[in-house]
Amino acid sequence: MSNFNNSKMNVDALFLGPKSENAVFFKEMMEYAVMEHAHWRSGFHPEDPEFLTTVDRYAPEYRDTLYRTEGILNHLSSKLKTTSIPWFSPRYMGHMNADTLMVSNLAYVMAMMYNPNNCAQESSPTTTLLELEAGLDLCAMFGYDVNQSWGHITSGGTVANYEGLWVARNLKTLPLAVAKHAKAQDLLENKSEKVLLNMPTSAVLDLIDELKKQGLFEEVREMTCRGEGVEQGKLGKLLVPQSKHYSWMKAMDILGLGQQNIVQLPVDAGYRTDPTEMKKIVFSLIEQGKPILAVVAVVGTTETGAIDNVADLIALRKECETRFGVSFYIHIDAAYAGYACAMLRDENNQLIDYDTLIQRYHQEGIFPPEIIWPKPDVYQSFKSLSEADSITVDPHKVGFIPYAAGAICMKDKRIVDLISYHAAYVFEEVAEKGQTAKKTQNVLLGSSIMEGSKAGATAAAVWAAHRLVPLNILGYGKLIAAGITTANWMIESINVSEPFEIEGRKFEIYAMPAPDFHMVNFMFKEVGNISLEKQNQLNKRIYELCSYAAGRSYTNDFLTSSTSLTFEEYGNNPLSFCRYAGFSEQEWDKVHSLYVLRAAVMTHCLRDKQHFSDYWLELRKTFENKLQQLIDEKNKLSHSKNNYLKTFVRISI
Ligand SMILES: *Cc1c(COP(=O)(O)O)cnc(C)c1O
C-alpha cells in the first residue's frame, strides 16, 4: 500500500488491518500462543495422574457447562459487536485511539495465559523483568541515562501523574525531616526553612545517600510527610498549565495537597503555556517566599495537542537557582505526545540534529516533502525532556498498545526510596553463585509504585512492541509520522474546502491552525450565522451524529470526539479562532465557550496521498449527509411544533 518502505519495518504488517488483512497470520499466532500454553500445562509432570477421563467429560452437567460457556461468549460477542467503537478504521478520528499492534495483542494474550502478577517477581519471574526493560526503553527514548533512571508501567497517565506528584511531595518534605532529626540535622547546617523548601532535586537525593551511609534514612523518612502527613499549604504551589488534564486536580485531592494550591499557568495563542506569564508567576511566588512544589509542563495537551516549551521551563529553573537559590521539581505530562520523542532518535538511540532530521524524514520517505515536522521549538522541547525529573507517557495512546498501559519515567532512580515500602529491592542486583554477571532478582514492584497487583501481560505487550517497533526514527518514527502527515493533509483540505450547499443553505468548515502534534480541531459554520450560541449548538449536534450517541456505531460513516474551548481554561485565546470563522468579540464575551470537533489523527492507513484524497472525498460526502440529516431533523421539528401550536390555539379558543 505505501511508498514509504525504506527500512525493514512495514507499517501495514504491524496491524490486523482495517479489513482484517492479516487475519490468517493473526489467527495462526493466536493459536500458537494458546497451544504453547496448553503444551506447557500438559507437559508439566507427566507422571501426575489424569484428573479427568473422557467419560467424565461426557457427563451431562459437564457438557451443559461448556455449552453455557459458549452461550455467554456468544452473548458477549454480540454485545461487543453492536456497540464497540471501530478504532481500527480511518473512519474513526476522535480520542487518542487507533488500531493496536498485533504483536502487543498477541504478547498480551500469550502472557495472560500464565496470569503473571507484576506486583512481585515471585509471581511474575518473567514479566517483571520485561516491565523494567520496557521502562528503560522509554527512559532511553527521553534521553535519560539508563544507568541512573528507571521507569515502570502504570494503568495509565492518570496514575503516572499521581506518582510523579507523590515523589515530588515526599521529596519536598525530606529536608524538613532531616532538620528535625537530632542526629541528622547537622547535614543541613542550620539552613532556614525557606532554603529547605527550595532545594534542587539532586541535592535532596544526595542527602538520601548521606542518610543511608549514617544508617538514618529510614528513621528520617518516617518524619517526612509519609509518616507525619501534610501540613496545610506548607509545601507550596503546584504550577500546571490551564490546558492540564483533570488528573492533576484529582492528584492534589488524593495526595492531601489541596486543589486550592494549584496555580494555573495561562496559555498563549498556540495553546501552550505562556513562557512570559510563567516566569512572572514563578518570580512572584519566590518574592512572596512561597515554595513551589512542582511545575508541570504538558507535552501534547489533551484538547489541542499543544506542546509546552520545555526548554524555557528548564532554563527558568536554572535562572531561579542561580539568581535566587530557589529550585523546584519538574514533571512532564507527556501522556499523549511522549512517544513522538522516538521520531528524533537514530538507530543508535542518538538524538538527530534538527537539519539532519528533516533531511532524513524526506530522503527516507517518512514524511512527504511538503510536510516539515516538528517546528524547531517543539524539537527543542522534546530534546529538553532529558532534564525533567519525571515524565508521564501513555503506551496505550501513541504507543498503539492495548489498555491498560501508561508509564512513568524518573531521571534519578534514587528518588524511589522516598515512596518505597520495602528495603530497596527494585534495583538489587545479585551475583549468582559462581557467576560474575549480575542478575536482577527478587524485584518487588508493588512496594515501590502506586499500584499493587497488576497484569504482567501488559508488560509483555509493551516490551514486545518496543522490540518490533524500535523507539527511533525508523520504528515508531515511521508509524507516528503517518498520523501527523494525515493530520496535516486534513487541515489543508479543510482550509481549501468549498462550502457545503444543502437546500439553499451554506455551511463552511474551519480548522484550527497548524497543531504541534496530530490533534485536529475543526468546526462547521452556517454562512450568515453570527450567533456563537447557535454555532455551538450546530457543532454539538454534528458531534452527536458522529459519535456513539447516534446509536449503532458500526453503521456510522464517521466517528469523532469533541471539546469546549472555554474562557475559564484558555482565557481569550479561542477568540482568534472565533474571529477567523467570523464571530465577533462581543459574541465571544457573551458565550465564552467554543464547541469544536476534535480528532486525534493516528491512523496509519492514509499516509499515501492518493488514499487520503479518496478518503477526503468520501468524508465530504459523509459530512454532507450529516448536515442534511440535521436540516431534516430541524424541518421535522418545526413542522411538529407548528402542528402543536395549531392544536394549542384551537383548544384555547
Ligand atoms: C490522556 C492523558 C492523561 C490521562 O491518562 P490516562 O491514561 O487516561 O489515565 C493525562 N494527561 C494527558 C496530557 C493526557 O492526554
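Before the clicking starts, one term: buried means under 20% relative accessible area, exposed means over 50%, and partly exposed is in between (1.4 Å probe, protein chains only). You're looking at a predicted model, so local features need pLDDT of at least 70 and side-chain atom pairs count only at pLDDT 80 or more, while totals for chains, interfaces and linings use all residues. Residues are numbered from 1 along each chain as its sequence is written, and side-chain values use heavy atoms, with hydrogens and water left out.

**Stop 1: a buried pair**

Select Lys397 and Asp394. Both residues are buried. They form a salt bridge, with the closest N and O atoms 3.4 Å apart. (A salt bridge here is a side-chain nitrogen of Lys or Arg within 4 Å of a carboxyl oxygen of Asp or Glu.)

How many salt bridges does a search of the whole structure find? It finds 34. For a linked set, select Asp206, Asp209, Asp412 and Arg414, which are joined in a network of salt bridges.

**Stop 2: the open sheet**

Now switch to a cartoon view. Helices (H or I, at least four residues) and strands (E, at least two) are DSSP runs, numbered from the N terminus. Two strands pair if DSSP finds at least two bridges between them.

Look for 6 strands forming an open sheet with mixed pairing, in the order β1-β14-β15-β13-β12-β11. The edges are β1 (92–93) and β11 (500–502), each pairing on one side only. Inside the sheet, colour residues 519–526 (β13) and 593–600 (β15): these two strands pair in the antiparallel sense over 4 bridges. Click Val520 and you can find its bridge partner in β15, Ala599.

Contact means heavy atoms within 4.5 Å. As for the angles, axes are lines fitted to C-alpha atoms, for helices over the stretch in contact, and angles run from 0 to 180 degrees between N-to-C directions.

Helix α18, residues 532–545, packs on the sheet too, touching β12, β13, β14 (559–566) and β15; its direction makes about 30° with that of β15.

**Stop 3: along α18**

Stay with α18. Its 14 residues reach 20 Å from first C-alpha to last, close to the 20 Å expected at 1.5 Å a residue. (The expected span is 1.5 Å times one less than the number of residues.) Among its buried residues are Leu532, Leu538, Ile542 and Tyr543.

At the N-terminal end, select Ser531: this residue caps α18, with a side-chain oxygen 3.3 Å from the backbone nitrogen of Glu533. Such a polar contact is a pair of N or O atoms within 3.5 Å; within protein, one must be able to donate a hydrogen and the other to accept it, and residues adjacent in sequence count only if both atoms are side-chain atoms.

Further along, Glu544 and Arg541 form a salt bridge, the closest N and O atoms being 2.7 Å apart. Why are they separated by about one helical turn? Because they are 3 residues apart in the helix. An α-helix has 3.6 residues a turn, so residues three or four places apart point the same way. Glu544 is partly exposed at 24% relative accessibility, and Arg541 is partly exposed at 28%.

**Stop 4: helix α12**

At the start of the helix, a side-chain oxygen of Asp274 comes to within 3.0 Å of the backbone nitrogen of Thr276. Just after the helix, Gly289 takes a positive phi of about 75°.

**Stop 5: two loop residues**

Select Asn472, in the loop between α16 (456–468) and α17. Is Asn472 buried or exposed? At 8% relative accessibility, Asn472 counts as buried. Its side chain reaches the backbone nitrogen of Leu474 at 2.9 Å. Not counting residues up to four places away in sequence, Asn472 touches Ala342, Arg345, Asp346, Glu347 and Gly477.

Finish at His604, in the loop between β15 and α22 (609–652). His604 counts as buried, at 4% relative accessibility.
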